Each structure stands twice: as C-alpha cells, then as structure tokens.
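Me: Please take a close look at one single part of this model and describe it in a connected way. I would like the cut-off behind each term as it comes up.

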Amino acid sequence: MYQFSYAEIVQDTCGDARMHERQAMERGIQLLRIAKEAGPESREAVEALHYVRSLWAILIEDLASSENDLPEKLRADLISIGLWVMKEIENIRFGRTTTFDDIIDVNQMICEGLK
C-alpha cells in the first residue's frame, strides 16, 4: 500500500503539492472503486477506507492551518467535505450503509478541482 506523508503533500511548492494531492486523491478513488466491486466487508474495502480517511485527515489538518493560503471560505467548505467523507467512511465500516458511490463521486469532484 502506498504511504504518503503530510510533508509530501503540504511542504512542496504549490504546483508540486497540488500534483501530489491530485495523485493521492486519484489513488484513493481507484481503491474505492476496487472496494466497491469487492464489497464493504472485504480486505479491499478496509484498505480503501483507511487510505481515504488518512488522506482526508492530512488534508483537513493542512486546511485548518493558518499558513494555508486558500481563501478562508474555501478552506471551511473543503473541511466540511472532508468531515462528511470521514463520516460516510464510518457508516460503511459499521454497516450503516454499503454504498461507495457517494464517496467516490465527491472525491472525484475534488480531484477534478485539483487539475
């Protein structure tokens, strides 16, 4: 499993950071699609959900930083999206839902915004 670090995503130049964010998001989407096919109780689902949750935790930490240069409103909106994704991940983990579609769609929209 690919591991990424906060430093890898946040401490590069702006263009490099955006590229790393996009690559990490694309990897998460790929893992979520594999998990969708394998089912919510599969090993693939555990890996995908862990990866996407970890990615969003890093992104939220960066967005909450006073050093982040994005407009405050955009940062707040992205944090809200990240918290929603994490909540949906927990819903899948605890069997309250079995669909990956909404998480995939939201992550895909965010990823497209990073291009």
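Reply:
**Packing around α4**

α3 and α4 pack at about 155°, their axes lying 9 Å apart, where helices are DSSP runs of H or I with at least four residues, numbered from the N terminus, and axes are lines fitted to C-alpha atoms over the stretch in contact, with angles from 0 to 180 degrees between N-to-C directions. That angle makes α3 roughly antiparallel to α4, a label used for angles over 145 degrees. The model is predicted, with local features needing pLDDT of at least 70 and side-chain atom pairs counting only at pLDDT 80 or more, whereas totals for chains, interfaces and linings use all residues. Residues are numbered from 1 along each chain as its sequence is written, and side-chain values use heavy atoms, leaving out hydrogens and water.

α3 passes α4 in a left-handed crossing (the near helix is turned anticlockwise from the far one by less than a right angle). On the α3 side, the contact (heavy atoms within 4.5 Å) is made by Leu49, Val52, Arg53, Trp56, Ala57, Ile60, Leu63 and Ala64, while α4 brings residues including Leu78, Ile81, Val85, Met86, Ile89 and Ile92, with Arg75, Glu90 and Arg93 also among them. By class, this contact of α3 with α4 holds 15 nonpolar, 1 polar and 4 charged residues (Ala, Val, Leu, Ile, Met, Phe, Trp, Tyr, Cys and Pro are nonpolar, Asp, Glu, Lys and Arg charged, and the others, Gly among them, polar).

α4 also packs against α5, which spans residues 101–113, at an angle of about 155° with the axes 10 Å apart. α4 and α5 are therefore roughly antiparallel to each other, and their crossing is left-handed. Here Leu78, Ile81, Trp84, Val85, Glu88, Ile89 and Ile92 of α4 meet Asp102, Ile103, Val106, Asn107 and Ile110 of α5, and the residues of the contact of α4 with α5 comprise 9 nonpolar, 1 polar and 2 charged.

Notes. Helix = DSSP H or I, 4+ residues; strand = E, 2+ residues; numbered from the N terminus. Parallel < 35°, antiparallel > 145°, perpendicular 65-115°, else oblique.
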